[in-house]
Amino acid sequence: KQRINEIIDLTGLQDEKHKKIGSLSKGYRQRVGLAQALIHNPDILILDEPTTGLDPNQLEEVRQLIREISKEKTVMLSPHIMQEVEAVCNRVIIINKGKIVADGEIGEIKSGNLLRNQIVIAEFNAPVSPERLMQIKGVSRVAESENKWELESKGGEDIRPAIFKFAVDNQLTLLTLQEKQQNLESVFHELTKK
């Protein structure tokens, strides 16, 4: 009984504990599912799409509950929505056809380092041709976007120093020089489409 009361408190079911599960909202039914999984105090909790079908308030409440649980337990999520991963997880493993194709912290995966490419946004104080930018060591692709340049590298090397050197050598002022963060969904597509 003590454990049941602890789990009811943890999952926020105090006001609903007297109701039948069938009469609860989707959000509270998700909480009951979490409570059932937690009652025996497992070391590892595996959740398959725990926030599917929730309204925005319920979504945030269940995310917060998962964060709280993860302070003491290993929580593994299997969502299909990458924004959910970004909102809740601190480590991501991407599996493609039974093989791990990415394993790391979210920032590391989004940086593109696992794809061995880097995208850098550069803005100069004067016009520069794409042909000149392609001469920068390590740059494999150049695209213009809103008066800024996206320069991509397919190697593991950081191309920002080479871009800076290019600007200095050509007497240009760099107004912007930053690594572009990809979203998790685009990284997932890139890693699993092959």
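Select T192 and F188 to begin: a polar atom of the T192 side chain lies 2.7 Å from the backbone oxygen of F188. This is a predicted model, in which local features need pLDDT of at least 70 and side-chain atom pairs count only at pLDDT 80 or more, while totals for chains, interfaces and linings use all residues. Residues are numbered from 1 along each chain as its sequence is written, and side-chain values use heavy atoms, with hydrogens and water left out.

Stay on T192, which belongs to helix α8 (residues 184–192); helices are DSSP runs of H or I with at least four residues, numbered from the N terminus. T192 has a relative accessible area of 19% and therefore counts as buried (under 20%, 1.4 Å probe, protein chains only). Show I94, I95 and N96 next: T192 touches these, leaving aside residues up to four places away in sequence. Contact means heavy atoms within 4.5 Å.

Now select helix α2 (residues 26–38) and helix α3 (residues 56–70), whose axes are 10 Å apart at an angle of about 15°. Axes are lines fitted to C-alpha atoms over the stretch in contact, with angles from 0 to 180 degrees between N-to-C directions. α2 is therefore roughly parallel to α3 (angles under 35 degrees). In α2, pick G27, R31, L34 and L38; they meet Q58, E61, V62, L65 and I69 in α3.

Terms used. Helix = DSSP H or I, 4+ residues; strand = E, 2+ residues; numbered from the N terminus. Buried < 20%, exposed > 50% of the residue type's maximum accessible area, 1.4 Å probe, protein only. Polar contact = N/O pair within 3.5 Å; in protein donor to acceptor, adjacent residues only side chain to side chain. Parallel < 35°, antiparallel > 145°, perpendicular 65-115°, else oblique.
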